[in-house]
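This report describes selected features of a predicted model. The sequence and structure are shown first.

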Amino acid sequence: MVISLNTLATEGALVVPYPAMLDVPHELVEHVSWLLHEHRRARNTRWRKLGCFKQALLTLVHLRKNETFSQLGAGFGISQATAWRYVDETLDVLAGWAPGLHEALTGLGEGDHVIVDGTLIPIDRIAADKPYYSMKHRKHRKHGMNVRVIARPDGTPLWFSRATPGRTHDLTAARAHGIVQACLTRQVLVLADRAYQGAGATVRTPYYHHREQPEHYQQFNRDHARLRAPGERAFAQLKSWRVLRRARCSTRRISTIIQAIHTLLTCNYSG
């Protein structure tokens, strides 16, 4: 008789725990553990099967390695439902520490500049789910959620927006999130790509057909591209957490995951 390993794994009949390494600093696990401890104390939470440190580790494994909840539960000796509940709670705690838009821009003013860009977080959706289908990525037939970032000139992320359906146009998203108005209010120069043409305010974009224009147009585009290039680092940091390379969760939960990861990227371990 041939036994299907996939069937057994799905039913929970074949579960083999194994040792593994997680590529995050030990101080980060301790910091998340401390946040959970404060959260539990504030809510006067009763005894849990996992302590704060292990709950923090459970969540970081999920975010970093994108393991399923059944795999997480097997590895930590808890049920699939409990693993989901612990991760969900930790994400809410972490997301609560992510800065808002105006808080992120604090300290910036006239003479400063930021980089605004967007990326698509791939999701498991079929072609019929049109709101999530990105025309910008139609060559690769990608469905996903659209996320904006405001980054410092060196690429350090200052703020990540909530996730919107992939078909949302970049400029529409930037206006809806209040990015254009917030930067105008502070007179912060915004460097963005051609998708933001027409934004006005303090937004600067490259020229179209610059090769047909005088040399100073071409030089402007070269300088603009050089200054914008570090913005890619923000999304590289975000997507180093594998859970965002192909999200399997509800689309409504992706924003919380992004805010939680932003908190992890900016954690002050001395706190």
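Ile115 belongs to strand S1, which covers residues 113-122. The relative accessible area of Ile115 is 0%, under the 20% limit, and the residue is therefore buried.

Between Ile115 and Pro157 the C-alpha to C-alpha separation is 9.2 Å, while the two residues are 42 residues apart in sequence.

## Packing of H4 and H5

Two packed helices are described by the angle between their axes and by the distance between those axes. For helix H4 (residues 69-76) and helix H5 (residues 80-95), the axes come within 8 Å and cross at roughly 100°. This angle lies in the range from 65 to 115 degrees, so H4 and H5 are roughly perpendicular to each other.

On the H4 side, the contact is formed by Phe69, Ser70, Leu72 and Gly73, which meet Gln80, Ala83, Trp84 and Val87 of H5. By class, 5 residues of this contact are nonpolar and 3 are polar, with no charged residues.

Rolling a probe the size of a water molecule over the atoms shows where empty space is left. The count of cavities of 30 Å³ or more comes to 1. The largest cavity has a volume of about 40 Å³.

The lining of the largest cavity consists of Val116, Ala174, Ile179, Val180, Val190, Ala192, Tyr196, Ala199 and Val203. These lining residues divide into 9 nonpolar, no polar and no charged.

Notes:
Residues are numbered from 1 along each chain as its sequence is written. This is a predicted model: local features need pLDDT of at least 70, side-chain atom pairs count only at pLDDT 80 or more; totals for chains, interfaces and linings use all residues. Side-chain values use heavy atoms; hydrogens and water are left out. Axes are lines fitted to C-alpha atoms, for helices over the stretch in contact, and angles run from 0 to 180 degrees between N-to-C directions. Helices (H or I, at least four residues) and strands (E, at least two) are DSSP runs, numbered from the N terminus. Angles under 35 degrees count as roughly parallel, over 145 as roughly antiparallel, 65 to 115 as roughly perpendicular and the rest as oblique. Contact means heavy atoms within 4.5 Å. Ala, Val, Leu, Ile, Met, Phe, Trp, Tyr, Cys and Pro count as nonpolar, Asp, Glu, Lys and Arg as charged, and the others, Gly among them, as polar. On a 1 Å grid over the protein atoms alone, a cavity is a set of points where a 1.4 Å probe fits but cannot get out, and a pocket is an open set with protein on both sides within 12 Å along at least five of seven lines; lining residues have an atom within 4 Å of a point. Grid points are joined across faces, edges and corners, and a volume is the space filled by probe spheres set on the points. Buried means under 20% relative accessible area, exposed over 50%, partly exposed in between (1.4 Å probe, protein chains only).
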